[in-house]
Amino acid sequence: MDELYEEYEEKLPLSIIEEVKKYTEGLGKMKLKKVLEEVYKEYRSSLAEPGESVGIVSAESIGEPGTQMTLNTFHFAGVSEMNVTTGLPRLIEILDGRKEISTKMMEIRLKSPHNKGKDIKELAKQIKETTFKEFIKSIDIDMVELTMTITLNDDKRESAARIAKDLDKAVKGFSFRFDKEERIIVKGSSKEESLGSLYRLKEKIKGIYISGIKGITQVLPVKRDEEFIIMTAGTNIKDIARLDFVDLEKTMTNDIFEIEKNFGIEAARQAIINEILKVTRTQGIEIDVRHIMLVADTMCMSGHVLGINRYGIVKEKPSVLARASFETPIKNIMDASMTGEADFLNSIIENVMINQPIPTGTGLPVLIMKGK
Amino acid sequence: MTEVYLDSQFVGSVKNGRDFADALIGARRMNKLPSALNVMFDEETDKVFVEICRGRCIRPLIVVKEGKPLLTEKHIEQLQKNELAWSDLLKQGVIEYLDPAEEENAFIAFFEEELTPEHTHLEVMPLAIVGITTSLVPFGNYDHQVRLTQGSKNQKQAIGFYAANYFNRMDMDVNVLHYPQVPVVGTLMDQVLEYHKHPSGMNVTLAIMSYQGYNMEDAIIVNKGSIDRGLARSSYYRPIISEELRYSGGLIDEVCIPDKDVKGFRSEHDYRFLEQDGIIYPEAVVGESDVIIGKTSPPRFLSSLDEYNLATSSRRESSMSLKHGEKGVVDFVLITENEEGNKLIQVRLRDLRIPEIGDKFTSRHGQKGVISLIVPEEDMPISASGMKPDIMFGPHGIPSRMTVAHLLEILAGKTGALAGRYINGTIYESESEEDIRKELSSLGFRENGTELMYNGTTGEVYPARIYIGNIYYLKLKHMVANKVHSRARGPIQLLTRQPTEGRAKEGGLRLGEMEKDTFVAHGASLLLKERFDSDKVIIPISEEYGLMGYHDSRKNKSVGPITFENDEVSNVEMSYAFKLLLDELMSLTVYPKIRLERKF
């Protein structure tokens, strides 16, 4: 039995053999051989032929359904600030390889028992980035004394003493004192402090980080298939990973560049595939994964995530004419002429330009005959 | 205190805004203030806006007091006797114009029966809520809104009797319907607009049925017999204008039959229709490239002296002729002068347009379609009473578009045609469907408008009862004769040597970027190359320098670009556009060196 599998290991990918094993348990040798033979035939027939233009087929297979996409934002029930870019704008964003995406999001999975809902609200609160702004009830400025009195929200008073310390650390040139009436008194440490700088300080301290994880601007605990998870707006996978209640293996972010930075290019490739699939699924559009995989492969080929545009993968093309045919022709030609670049006319677009048969499909094979 | 704004500018304040607004409106109704003045009291912000500026949309309404309209039977009597005019009603304050702002404070009843003491105004008539073309759609209130607007838009493109003096006019690109008819199912607006004086359609017999699958996708099938009897026949008129322009140096264009030694002389054959004065005669049947007005112009640049001496020989040919695919009959020739006193010749061309496959038709309900088949009369379905439809219309266009009025018009048209009377289909005030059905039944037809019909080819009875009746159909100005275009070989552009673009220039149909991609995706490499061979050239390339040379036909050999002598030169096939790119690169001081090597 095993030798039979061994024989086919060279012909078929491992994953297919594993699958065959799963379904053919207890089958006789002859029958198994027949099955494997059929599987092999099917596998061969579904491979791309040599000279098949897979790239353009992928482009057309993604581009055509793309024209049918509608509805580009998606709103979260209950949280009015959280609306997610989906549809065509999101697809463009992914394929362009943008560094700054319009809605960064995370899906944080939790370890037991929190995934059953234990303390989930507290955990969510803990993750959320809080700035000093959320503690302030009012700010009064004494223009004569040049002091600022900050009254804190009633429910946040317990931690006020610690906050005053945090502020003291974060801001230089001013002293923060916590008084008996549970207010924070701000005073310039040197006498030269003007009223203007006090006003500037007033705006500045509003943005000072107090607790939580930087970058996480919104949190929303939700129940998804019997499991409680935390959805966030904004991502910071590095700091989230440090939390002991987080199940990192299942936690997701939609920021492809963050994934690339923290987990490497293979993870980024998978993230691109997942993100494109997420868009197409919400739109009810079926695109074969292999087209998307090809796109993701192309984007990650260089070792970094590159967009499908003139700054990304087009820049990597070896042919001058191919680059020039896609946006900024003058720049490409001038640069090429300065370095004396040669174009070997190996690819499609160059040969279309000079009206020669393109080296794919029927243009690939040639017949050479010896003359008499 | 209430703030008062005049044309959105603050002018002062009053104690009570409502009283102030009411006083202004009262004064307007007493004819003490202009009728175009409108007042809006906004209770929420406690402001009064008085508007008198131009550009507001205002509409007339009947004023209502205590649930009674001020317009009485007496007024109507006087109006009918012509003792009163509209302006008198305005002066009396019976009718007033409201703008959108003042309308906010008004409570308007649609019909008189709906009036309550709270109402402030009454609609003059419900018809007023739609525009002119929309009001021409019969039973408009039974149509889906989208179809109603589309139907009214289509009417603007209909061919009709656009002006009674069309034969004295020189309009550009107009059509005249030969046998226009007054619609059997009309609206009140027809009388207001005097639609009977310039109708733009025909009453046709329409059957809602399929015929050999030819009415897919809104296509319509037309009876050949109806076309032979003149259905939807029209003429297309187009003027050809030429002018004797004056140039500096006392030179002038001359309308004449051009001399043989004129630059750009066409051929004797092209000038055959011209009379002595160089202008074509009326009723000449002309076609492609025939000259309509012969004309010569002075030479473009007066550089050397001998051009003065040989005045005639250096003149240019500048006749007006028919372009590719154009034909017609000369209808009218006009010789006159323009404002500058130059001789001006206008020749009107006429072309008969008999409906053909591809011509566009529509009912008044946005149900447009093109002719897909013209059926010989003997093959048309026939009803028990011997009626054959003029047009067969596919049933699939009805459910999704919800044009109920289209169906109602067929029923009403049938009743009207049989009873010999016009049917009132005014929006909201039309004759009731029930009455029409009853009348049709009394005329001896099935009240639902269906009839038993026989297959014209086989004589078999159709198992279904066919809905058949009369409806007003419009021929739209989009006719295939103006649009057909094909090309196998033809003119090319000078710069790129690629085929020209567009029907007027007998151009090719571009195989664009995306179409190219489909060839690549199929791997049809050699077919793609052949498609793009329209500008292929063979260029001798110097093997040493990699630059383009040329073929010296005197020595019958190709020479290189540097020495013009014994270079090693190879012929290379490429697209002319690429050759042009190489030239342009050289003009940018980029040296595009072509390295040649054996392919195999």
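Select A:Ile150 to begin: its bridge partner in β8(A) is A:Ile184. The model is a predicted one, in which local features need pLDDT of at least 70 and side-chain atom pairs count only at pLDDT 80 or more, while totals for chains, interfaces and linings use all residues. Residues are numbered from 1 along each chain as its sequence is written, chains are lettered from A and ligands numbered from 1 in the order in which they are written, and side-chain values use heavy atoms, with hydrogens and water left out.

**The sheet of chain A**

Strands pair here if DSSP finds at least two bridges between them; helices (H or I, at least four residues) and strands (E, at least two) are DSSP runs numbered from the N terminus.

Now display the whole open sheet, whose four antiparallel strands follow the order β5-β6-β8-β7 in chain A. At its edges stand β5 (136-142) and β7 (174-178) of chain A; each has a single partner strand, so one side of each is left without a neighbour in the sheet. On average, neighbouring strands of this sheet are turned by 20° against each other, direction ignored.

Next, select β7(A) together with β8 (residues 183-188) of chain A, an antiparallel pair joined over five bridges. Within this pair, A:Phe174 stands opposite A:Gly188, and A:Arg177 is opposite A:Ile185. The two strands form a hairpin with four residues between them; in the turn, select A:Glu182, which has a positive phi of about 60°.

Return to β7(A) and β8(A), paired over five bridges. Helix α7 (residues 160-170) of chain A packs on the sheet and touches β6 (147-152), β7 and β8 of chain A, its direction making about 175° with that of β7(A). Contact means heavy atoms within 4.5 Å; axes are lines fitted to C-alpha atoms, for helices over the stretch in contact, and angles run from 0 to 180 degrees between N-to-C directions.

**A salt bridge in chain A**

Select A:Glu3 and A:Lys29, which form a salt bridge with their closest N and O atoms 3.9 Å apart. This pair links distant parts of the chain, 26 residues apart: A:Glu3 lies in helix α1 (residues 2-9) and A:Lys29 in helix α3 (residues 29-45), both of chain A. The rule, a side-chain nitrogen of Lys or Arg within 4 Å of a carboxyl oxygen of Asp or Glu, gives 53 salt bridges over all chains.

**The interface**

Show both chains: 25 residues of chain B are in contact with 26 residues of chain A. About 2100 Å² is buried between them, with carbon and sulfur atoms giving 67%; buried area is the accessible area (1.4 Å probe) that two parts lose on being put together, summed over both. Between chain B and chain A the count of salt bridges is zero.

On chain B, colour α12 (513-522), α13 (525-531), β34 (569-575) and α14 (576-587), the elements that give two or more residues to the side touching chain A. Of these, α12(B) gives the most, with six residues.

**A sheet in chain B**

Finally, select the open sheet of three antiparallel strands in chain B, ordered β15-β18-β19. Its edge strands, β15 (254-255) and β19 (316-317) of chain B, each pair on one side only. β15(B) joins β18 (residues 295-297) of chain B in the antiparallel sense over two bridges, and B:Val255 has B:Lys295 in β18(B) as its bridge partner.
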